[in-house]
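Please look at the sequence and the structure shown below, and then read the short report that follows on a few of the contacts in the model.

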Amino acid sequence: MVKFSLSQIKHPDRNERGKKSDDRPRFDFSYSGIKTAVLRYVETHAMKNAIDSRRKVLAEMVKPKLEDYLANCDKQMLDLVASFQSSMVEDLIAKTLAAARSYDVAMLFVTGGVAANQELRQRFEQAAAQEGMPVYFPSRPLSTDNAAMIAAAAYPKFLTRDFAPLDFSAEAGMTLR
């Protein structure tokens, strides 16, 4: 297994000396660091040629299946992928449960594309049960990427040519209408 450190975000209030910061806990997620760590691992362990060969073989298949991907991955690649997944799952669960404890949350809903991940579901259910907190997931067909949900919401507006003005500013917390 490859050891990856968990995600961290450096906040401006933590970096500016002499400025008082609030004491609220932080539960931000950033995965740019681990993505870079994976890239560096691939570079330092000379995995690029194997990746390029696998891409070429899979590109020649019309619809590669899971078995095709597995058959074209060596143990080193499978270990890297499993390590990445394990680190991400551990981080998501630890931070989510810490936030739930901090804000006295009664139950959790895990949604988006990541909610389809079997390891995440199993480990989340175990960890949440230890906390005495129920956790819910949508069915797998409804565990879709948020971008797909936004596209589905935008499509009717596109058809009616209901476009946002050019000076529109996107904000993560905006409601759909």
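Three aromatic pairs are found when the whole structure, which is a predicted model, is searched. In one of them, the ring centres of phenylalanine 124 and phenylalanine 137 lie 6.3 Å apart with the ring planes at 75°, and because an angle over 60 degrees counts as edge-to-face, the pair is of that kind. The pair links distant parts of the chain, since phenylalanine 124 belongs to helix α6, while phenylalanine 137 lies in the loop between β2 and α7, 13 residues apart.

The table gives the relative accessibility of both partners and of serine 143, a residue in the loop between β2 (135-136) and α7 (146-159).

| Residue | Relative accessibility | Class |
|---|---|---|
| Phenylalanine 124 | 2% | buried |
| Phenylalanine 137 | 17% | buried |
| Serine 143 | 8% | buried |

Each class follows from the value because buried means under 20% relative accessible area. Beyond its neighbours within four places in sequence, serine 143 is in contact with Gly112, Gly113, Ala115, Ala116, Arg121 and Pro138.

Helix α6 (residues 118-131) also packs with helix α5 (residues 75-102), their axes coming within 10 Å and crossing at roughly 30°, and the crossing is right-handed. Among the residues of α5 that take part are Val89, Leu92, Ile93 and Leu97, and those of α6 include Leu120, Phe124, Ala127 and Ala128. Taken together, the residues of this contact between α5 and α6 comprise eight nonpolar, three polar and five charged ones.

Conventions
Residues numbered from 1 in each chain as written. Predicted model: local features only at pLDDT ≥ 70, side-chain atom pairs only at ≥ 80, totals over all residues. Heavy atoms only, no water. Helix = DSSP H or I, 4+ residues; strand = E, 2+ residues; numbered from the N terminus. Buried < 20%, exposed > 50% of the residue type's maximum accessible area, 1.4 Å probe, protein only. Contact = heavy atoms within 4.5 Å. Axes fitted to C-alpha atoms, helices over the stretch in contact; angles between N-to-C directions. Left-handed = near helix turned anticlockwise from the far one by under 90°. Nonpolar A, V, L, I, M, F, W, Y, C, P; charged D, E, K, R; others polar. Phe/Tyr/Trp six-rings, centres within 6.5 Å; stacked < 30°, edge-to-face > 60°.
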